[in-house]
Amino acid sequence: RNIFNLFVVWALTGLWHGASWNFVLWGIYYFVLLVLEKYVFQNLIAKMPKFLRHLLTLVLILFGWVIFSSESLADAGSLISCMLGANSFCDDMSSYLFWSNLFMIIVMSVFSTPVFGLKQIKVRRADLIKFVITTVLLVVSFICLIADTYNPFLYFRF
């Protein structure tokens, strides 16, 4: 019953986001991930180091965003095959995007992991550091969005 309920919730969540097959597939993708995590690989995942679980989650979410943001299922399939190396990992556009966003990639990679060990700093100081880092990242994100020539809001497609 729980699996059926998960399927209904995620299929409807996909439909709620738009009347396109990529959104339905996106919802079903997350349904499959949840079922695999909860009923198939629960013991294996529990034994994995925390770092690998974190990395696996980020990779799986990345594939989900590809499905969600693609114009069609064909576009999603093409992007995913490129991500897996089918058409080579690096064409001119991907190379340009990588190098132009390298600073943000490094910053987000570092701050999405517990690299700094803020737990050992006093709570007040750690909160201040987190606030400053978050504010700086927010400003840098705004600058990157403003500098982009064309970046329509995703939901304008509906």
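**Helix packing and aromatic contacts**

Beyond its neighbours within four places in sequence, Val66 is in contact with Ala76, Leu79, Ile80 and Met83. The model is predicted. Two of these names return in the largest nonpolar core, which includes Val66 and Ile80. That core has nine residues. In soluble globular proteins, nonpolar side chains tend to be buried together.

The protein chain holds eight helices and zero strands. From the N terminus on, its elements therefore read α-α-α-α-α-α-α-α. Of the 158 residues in the chain, 17% are buried. The accessible surface comes to about 12,300 Å². Carbon and sulfur atoms account for 72% of that surface. Contacts between residues at least 6 apart in sequence were also examined. Of these, 56% join residues at least 24 apart.

Helix α1 covers residues 2-17. At 1.5 Å a residue, its 16 residues should span 22 Å. The end C-alpha atoms are 23 Å apart, which agrees. Four residues of α1 are buried: Leu6, Ala11, Gly14 and His17. They cover an arc of only 125° around the axis, so they lie on the same side of α1. The buried residues of α1 pack against α2 (21-40) and α4 (50-69). The face turned away from the buried side carries Leu12 and Trp16, which are exposed.

The structure holds eight aromatic pairs. One of them joins Phe7 and Phe31. A pair of aromatic rings is described by the distance of the centres and the angle of the planes.

Phe7 has 36% relative accessibility, so it counts as partly exposed. Phe31 has 12% and therefore counts as buried. The cut-off for buried is under 20%.

Trp10, Phe23, Trp26, Tyr29, Tyr30, Trp65 and Phe68 form one aromatic cluster.

Notes: Residues are numbered from 1 along each chain as its sequence is written. This is a predicted model: local features need pLDDT of at least 70, side-chain atom pairs count only at pLDDT 80 or more; totals for chains, interfaces and linings use all residues. Side-chain values use heavy atoms; hydrogens and water are left out. Helices (H or I, at least four residues) and strands (E, at least two) are DSSP runs, numbered from the N terminus. The expected span of a helix is 1.5 Å times one less than its number of residues. Buried means under 20% relative accessible area, exposed over 50%, partly exposed in between (1.4 Å probe, protein chains only). The arc is that of the directions from the helix axis to the C-beta atoms. Contact means heavy atoms within 4.5 Å. A nonpolar core is a set of buried Ala, Val, Leu, Ile, Met, Phe, Trp, Tyr and Cys residues joined through side-chain atoms within 4.5 Å. Rings of Phe, Tyr and Trp (its six-membered ring) pair if their centres lie within 6.5 Å; planes under 30 degrees apart count as stacked, over 60 as edge-to-face and the rest as tilted. Accessible areas come from the Shrake-Rupley method with a 1.4 Å probe; for residues, only the protein chains shown count as cover.
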